[in-house]
Amino acid sequence: MKKRERKNEVKARAAEPSHMFTRCRVVGCGKPARAATEDGLDTRFCRSHSDHLARHGSAYKRSYTAKEITPYRKAALAWLEANADNLWVTNAIERVETLYRAAGPHVEAFRLRGLSPDDRARAAWARLRKAKIDPCRVVAAALAVEMIIRDDPQAETKAEFKRVQTAKLVHKMSSGTHKQWGSGSGAKELHAYPRSRGRVLRHVGRDVELACELLIQHSSLPLVHSLQPLPA
């Protein structure tokens with residue numbers, strides 16, 4: 001009942017445009033913020049830039065492409081393998097393993113509807129566990145994003161962008177749910193993929209950030225082509 005009342009309250013507020021918020025904050029946009037329309041409560045951005053923020057972690061900067069991030073992921077994995085016995089590397093991997101163990105039961109991708117963003121994030125960790133994704137790959141994703149942002153001359157340095165970029169890489173590793181009934185031409189298939197956007201990404205990104213923060217603090221990650229071993 002309370003959830004329904006809250007939903008109706010938000011819907012009613014969104015239907016009453018406020019003329020205090022007349023312009024999207026993105027330079028050069030010119031469109032009204034969503035709160036100035038009947039399209040939402042966002043006082044900062046228009047609909048398109050609000051959606052961009054939800055998907056990418058920034059209202060104006062796009063996510064890094066696979067082509068752009070792949071060299072960093074490969075370099076990060078090689079670097080982690082070369083420093084496998086280092087205290088901070090093992091600490092980060094153990095923290096990711098803890099996220100796997102604490103995620104709770106596996107929830108199939110088509111059963112996520114109605115779950116809170118926090119529960120959906122835990123479900124993502126449970127899918128990673130079920131798929132037996134090496135925790136080292138999760139740590140490598142965090143390092144890859146850290147390095148590409150440091151190399152980017154026009155980087156978005158806000159924590160939200162970094163978390164979302166890392167979470168998008170991790171979210172793809174967890175894939176989705178795939179089922180098949182029957183065989184031959186009469187076989188039926190179901191492929192369900194969780195949406196990679198919104199507050200779920202913020203939760204996953206924050207989880208990875210906490211797991212890898214000590215590793216990043218105690219390492220000097222240079223440019224991708226000159227990675228050096230961690231100090232002993």
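Analyst: Start with how elements are named. Helices are DSSP runs of at least four residues, numbered from the N terminus.

User: What is the phi of Lys-132 near, and is Lys-132 buried or exposed?

Analyst: Phi of Lys-132 is near 55 degrees. That is a positive value in a residue other than glycine. For accessibility, over 50% relative accessible area counts as exposed. Lys-132 has 73%, so it is exposed.

User: Which helix holds Leu-128, and is Leu-128 buried or exposed?

Analyst: Leu-128 sits in helix 5, residues 117-130. The cut-off for buried is under 20%. Leu-128 has a relative accessibility of 1%, so it counts as buried.

User: What is Leu-128 in contact with, leaving aside its neighbours within four places in sequence?

Analyst: With those neighbours left aside, Leu-128 is in contact with Tyr-100, Ile-133, Val-170, Met-173 and Ser-174. Leu-128 and His-171 are 43 residues apart along the chain, and their C-alpha atoms are separated by 8.6 Å.

User: Where does Thr-166 lie, and is it buried or exposed?

Analyst: Thr-166 lies in helix 7, residues 159-173. Its relative accessible area is 5%, so Thr-166 is buried. Look at its side chain too. A polar atom there lies 3.0 Å from the backbone oxygen of Lys-162. Beyond four places in sequence, Thr-166 is in contact with Ala-141, Ala-142, Val-145 and Val-208.

User: At what angle do helix 7 and helix 8 pack?

Analyst: Helix 7 and helix 8 (residues 199-217) pack at about 95 degrees, with axes 7 Å apart. Angles of 65 to 115 degrees count as roughly perpendicular. The two helices are therefore roughly perpendicular to each other. Among the residues that meet are Thr-166, Ala-167 and Val-170 in helix 7, and Val-204, Gly-205 and Val-208 in helix 8. By class, this contact has 7 nonpolar, 3 polar and 6 charged residues.

User: Which helix has the lowest mean pLDDT, and which the highest?

Analyst: The pLDDT is the predictor's confidence in each residue. Helix 1, residues 2-14, has the lowest mean among the elements, at 49. Helix 4, residues 87-101, has the highest, at 97. Over residues 7-19 the pLDDT is below 50, yet this stretch has 15 contacts in the model beyond near neighbours in sequence. Where pLDDT is low, the predicted coordinates should not be read in detail.

Definitions and conventions:
Residues are numbered from 1 along each chain as its sequence is written. This is a predicted model: local features need pLDDT of at least 70, side-chain atom pairs count only at pLDDT 80 or more; totals for chains, interfaces and linings use all residues. Side-chain values use heavy atoms; hydrogens and water are left out. Buried means under 20% relative accessible area, exposed over 50%, partly exposed in between (1.4 Å probe, protein chains only). A polar contact is a pair of N or O atoms within 3.5 Å; within protein, one must be able to donate a hydrogen and the other to accept it, and residues adjacent in sequence count only if both atoms are side-chain atoms. Contact means heavy atoms within 4.5 Å. Axes are lines fitted to C-alpha atoms, for helices over the stretch in contact, and angles run from 0 to 180 degrees between N-to-C directions. Angles under 35 degrees count as roughly parallel, over 145 as roughly antiparallel, 65 to 115 as roughly perpendicular and the rest as oblique. Ala, Val, Leu, Ile, Met, Phe, Trp, Tyr, Cys and Pro count as nonpolar, Asp, Glu, Lys and Arg as charged, and the others, Gly among them, as polar. pLDDT is the predictor's confidence in each residue, from 0 to 100.
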